[in-house]
There are 2 protein chains.
Amino acid sequence: MLRMYDLAAAEPERRFSPYCWRSRLALAHKDLPVETIPWRFTEKEVLSPSGQLLVPVLVDGDRWISDSLTIANYLEDTFPDTPSLFGSAAGRALTHYYSRFADSLVGAIFPFVALDILDHVAEEDRDYFRTTREKRVGTTLEAFVSDRDTKLSDFRKSLTPLRLTLKAQPFLGGDRPLYADYALFGPFQWARCISPYKLLDEDDPVRQWRDRLLDCFGGLARAVPAYDV
Amino acid sequence: MLRMYDLAAAEPERRFSPYCWRSRLALAHKDLPVETIPWRFTEKEVLSPSGQLLVPVLVDGDRWISDSLTIANYLEDTFPDTPSLFGSAAGRALTHYYSRFADSLVGAIFPFVALDILDHVAEEDRDYFRTTREKRVGTTLEAFVSDRDTKLSDFRKSLTPLRLTLKAQPFLGGDRPLYADYALFGPFQWARCISPYKLLDEDDPVRQWRDRLLDCFGGLARAVPAYDV
């Protein structure tokens with residue numbers, strides 16, 4: 001069976017990496033069973049066969065595959081008889097930008113949830129998380145999130161192209177979700193798994209799309225501990 | 001033959017609508033000859049058969065089609081034996097977001113080029129352009145662009161996901177351009193047709209991609225009056 005190292009909070013069932021969520025849903029899309037292994041930020045050494053230090057890492061027999069887009073491409077090429085993540089060769093090319101856009105969304109959401117993450121990470125990860133993230137943002141996590149309310153309107157406005165698209169069609173992939181949907185869902189799922197902060201209004205088409213993805217695959221992404229925001 | 005109303009500057013050969021450029025390249029992609037009709041902002045009445053007031057408007061016999069994404073879908077459905085603009089049904093769905101993103105890029109670039117546009121629009125369009133745009137931005141065009149240099153770094157940073165994608169592949173559509181490329185090319189072509197302002201560095205992968213699109217279809221988009229920026 002496939003195995004996947006999956007970032008976990010203090011509670012092992014609270015999985016909260018935006019990048020791991022992409023891979024979880026990609027595996028579900030292809031109907032591939034997977035054993036997820038809860039992993040903490042400080043367990044770098046267990047990932048060493050992958051040649052790098054970040055999750056998700058997929059283990060398929062003796063192959064260790066890292067980087068969520070690489071994992072998606074690996075699944076697409078290795079299991080060609082399962083439902084396509086991209087729809088076509090053109091769809092695969094057109095998905096690349098979505099993956100990078102999703103990365104930038106993680107950066108855009110971080111100023112809202114940074115301190116809430118600290119409240120949830122495993123005890124042994126707290127120092128690591130605070131130190132690395134405070135170095136990255138150049139201030140304390142407390143100061144970093146202190147003016148988050150003032151940033152909310154601009155954040156929501158930045159989602160306009162996504163919002164207009166999801167008003168016109170239920171998923172980025174059309175009538176059914178594709179990997180582009182899972183890539184962009186990741187950051188929103190990350191946020192709701194770890195933070196009570198209400199990033200999206202109830203009547204926002206982006207939120208309604210997120211909720212449709214929560215319902216996919218028997219409610220896979222809805223089944224984990226999360227905030228109802 | 002197909003005809004298309006195409007926004008023109010004082011010089012009739014200077015065509016500068018970001019939305020018209022999408023359609024021009026979509027027509028070229030499908031190898032469909034078109035007669036473009038130079039159109040000025042104030043010639044609203046000639047568009048009335050289309051039921052709205054904006055270009056591009058494509059005229060195919062007695063059908064008048066407006067809105068650039070609608071035109072792309074019309075061309076795809078009406079000329080199924082010509083090269084596909086989307087690559088597949090999934091590609092068509094995945095293109096919707098690109099079209100909306102391109103719209104938002106027009107808004108992001110406007111603060112850099114707004115006053116330069118005024119220098120190029122036809123004499124009869126100058127009052128119309130100034131009045132409608134100053135109402136939209138809430139200040140004079142001169143004041144609106146006065147701090148553009150301070151905005152350049154943020155604008156370039158906002159292109160990071162696009163830049164990383166175009167570092168990894170020559171076009172958004174993969175090895176060859178698709179409508180997603182033309183949609184996003186439009187705003188950059190608009191800017192260079194109308195403004196000497198240097199939005200993109202020479203070594204920026206986004207600029208190199210733009211230049212590859214200038215070379216497509218025998219240099220169609222390079223052949224019009226524009227600034228070498």
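This is a predicted model: local features need pLDDT of at least 70, side-chain atom pairs count only at pLDDT 80 or more; totals for chains, interfaces and linings use all residues.
I started with polar contacts across the interface of chain B and chain A, and the rule finds five residue pairs, both residues at pLDDT 80 or more. A polar contact here is a pair of N or O atoms within 3.5 Å; within protein, one must be able to donate a hydrogen and the other to accept it, and residues adjacent in sequence count only if both atoms are side-chain atoms.

Residues are numbered from 1 along each chain as its sequence is written, chains are lettered from A and ligands numbered from 1 in the order written, and side-chain values use heavy atoms, with hydrogens and water left out.

Next I looked up salt bridges (a side-chain nitrogen of Lys or Arg within 4 Å of a carboxyl oxygen of Asp or Glu). The count between chain B and chain A is zero.

Then I checked contacts, meaning heavy atoms within 4.5 Å. I found 25 residues of chain B touching 25 residues of chain A.

How much area do chain B and chain A bury between them? I got about 2000 Å², 71% of it on carbon and sulfur atoms. Buried area is the accessible area (1.4 Å probe) that two parts lose on being put together, summed over both. Leu94(B), Tyr97(B) and Pro161(B) supply 34% of what chain B buries against chain A, more than any other three residues.

Last, I laid chain B on chain A: a turn of 180° and a shift of 0.0 Å along the axis give an RMSD of 0.0 Å. So the two copies are related as by a two-fold rotation axis. The superposition is by least squares on C-alpha atoms of residues with pLDDT of at least 70 in both copies.
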